[in-house]
Amino acid sequence: MRELVICEKTGEWAAVFRRHFEQVFETRFLADCGRFVEAHPQAVTVLETGCWEPAEVADWVTSIRAGFPDLLILAIVSRESSGTWHCWLREMGVSDLLASFQDVPRVKHQVQRHFQRFRSGPLSLEQRIWNNLPWS
């Protein structure tokens, strides 16, 4: 239950994530990533935002977040992308942004904490609330 899926066009980010995590799955299309999330609703999803139009990314993130609230979404952004776009991603439910390969170790603790939340399968609503409190 430690699934991490990366939706990107090249596979470069997946290679970097494999240095830090055991199970890294790759998809090349948003639809495939959505199917993976349906099968693994508590997965960590890493989305390369520069591969699609911003409206497409916004629609996908918003709909997947609504359907799968336990999902941890990380977004790969370019250094040239605007701060406004970064704010919108955060508002849509993206947990963190990665702009370079050196950012992967920085999010490692966040990903491991997410995996620990779901060690024993789906949680009750009360347990999910407790797990999401900042001091838990």
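Guide: Welcome! Two strands count as a pair if DSSP finds at least two bridges between them. Keep in mind that this model is predicted.

Visitor: How many bridges join strand E1 to E2 here, and do the strands run parallel or antiparallel?

Guide: Strand E1 (residues 4–7) and E2 are joined by 4 bridges, and the two run parallel. Across from Leu-4 you will find Val-24, which belongs to E2.

Visitor: Through which helix does the chain cross from E1 to E2?

Guide: Helix H1 (residues 12–18) carries the chain from E1 over to E2, and this β-α-β crossover is right-handed.

Visitor: Now for the rings. What describes a pair of aromatic rings?

Guide: Such a pair is described by two values, the distance of the centres and the angle of the planes. Searching the whole structure gives 3 aromatic pairs. In one of them, Phe-17 and Phe-21, the ring centres are 5.9 Å apart and the planes meet at 25°, so this pair is stacked. Phe-17 and Phe-21 are both buried.

Visitor: Why is the pair of Phe-25 and Phe-36 tilted?

Guide: Planes under 30 degrees apart count as stacked and over 60 as edge-to-face, with the rest tilted. The planes of Phe-25 and Phe-36 stand at 45°, with centres 5.1 Å apart, so the pair is tilted. Phe-25 sits in strand E2 (residues 24–27) and Phe-36 in helix H2 (residues 30–39), so the pair ties together parts that are 11 residues apart in sequence.

Visitor: Is Phe-36 buried or exposed?

Guide: Phe-36 is buried, at a relative accessible area of 12%, whereas Phe-25 is partly exposed, at 34%.

Terms used: Residues are numbered from 1 along each chain as its sequence is written. This is a predicted model: local features need pLDDT of at least 70, side-chain atom pairs count only at pLDDT 80 or more; totals for chains, interfaces and linings use all residues. Side-chain values use heavy atoms; hydrogens and water are left out. Rings of Phe, Tyr and Trp (its six-membered ring) pair if their centres lie within 6.5 Å; planes under 30 degrees apart count as stacked, over 60 as edge-to-face and the rest as tilted. Buried means under 20% relative accessible area, exposed over 50%, partly exposed in between (1.4 Å probe, protein chains only). A crossover is right-handed if, with the strands pointing away from the viewer, the path from the first strand over the helix to the second runs clockwise.
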